[in-house]
Amino acid sequence: MIGEPLYLIGFLAILIVVAFLYSSIGHGGASGYLGLMALFSLPMEVMKPSALLLNIVVAGISFWFFRKHKYFKPNLFKAFAISSIPAAFIGGYLNLNPLIYKNKEG
């Protein structure tokens with residue numbers, strides 16, 4: 001489905017809009033990319049690395065512009081990094097039971 005030219009053009013056009021909207025507020029947009037790729041039925045093996053790469057590129061460009069226009073505050077960044085980087089590292093090692101995400105009543 002994604003290999004057809006019309007679908008590919010539509011996918012890329014929406015992808016650009018998603019990237020622009022997320023980057024305008026300083027975000028990378030991984031959740032938007034994953035949602036878009038799911039709508040276009042891309043395989044999970046493609047979705048994960050693609051979303052990560054797009055997120056890094058878009059967040060990097062956004063960071064560059066924010067810093068260029070002096071909106072980046074190093075002291076504020078340090079305060080958030082000191083707590084968020086270790087927490088993200090620990091959270092990455094947690095293994096949750098998949099049943100946690102499923103409705104237990106149904």
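## A tour from ring to core

Start by selecting Phe-63: with 39% relative accessibility, Phe-63 counts as partly exposed, because that value lies between the 20% and 50% limits. Keep in mind as you click around that this is a predicted model.

Next, look at the aromatic pairs, of which the structure holds six. In one of them, the ring centres of Phe-63 and Phe-72 are 5.0 Å apart and the planes stand at 85°, so this pair counts as edge-to-face. Bring in Phe-77 too, and you have a cluster: ring pairs link Phe-63, Phe-72 and Phe-77.

Time for the surface. Select Leu-53, Val-57, Ile-61, Trp-64, Phe-65, Phe-66 and Tyr-71, and you'll be looking at a nonpolar patch with about 750 Å² of accessible area together. Zoom in on one member, Ile-61, which sits in helix H3, residues 44-68. Is Ile-61 buried, partly exposed or exposed? Its 46% relative accessibility makes Ile-61 partly exposed.

Last stop: the inside. Select Phe-11, Leu-15, Val-18, Ala-19, Tyr-33, Leu-36, Met-37, Phe-40, Leu-42, Met-47, Ala-51 and Val-58, and you have the twelve residues of the largest nonpolar core.

Technical notes
Residues are numbered from 1 along each chain as its sequence is written. This is a predicted model: local features need pLDDT of at least 70, side-chain atom pairs count only at pLDDT 80 or more; totals for chains, interfaces and linings use all residues. Side-chain values use heavy atoms; hydrogens and water are left out. Rings of Phe, Tyr and Trp (its six-membered ring) pair if their centres lie within 6.5 Å; planes under 30 degrees apart count as stacked, over 60 as edge-to-face and the rest as tilted. Buried means under 20% relative accessible area, exposed over 50%, partly exposed in between (1.4 Å probe, protein chains only). Patches are made of residues with over 30% relative accessible area and no salt bridge: like charges are joined within 9 Å, nonpolar side chains (Val, Leu, Ile, Met, Phe, Trp, Tyr) within 5 Å. Accessible areas come from the Shrake-Rupley method with a 1.4 Å probe; for residues, only the protein chains shown count as cover. A salt bridge is a side-chain nitrogen of Lys or Arg within 4 Å of a carboxyl oxygen of Asp or Glu. Helices (H or I, at least four residues) and strands (E, at least two) are DSSP runs, numbered from the N terminus. A nonpolar core is a set of buried Ala, Val, Leu, Ile, Met, Phe, Trp, Tyr and Cys residues joined through side-chain atoms within 4.5 Å.
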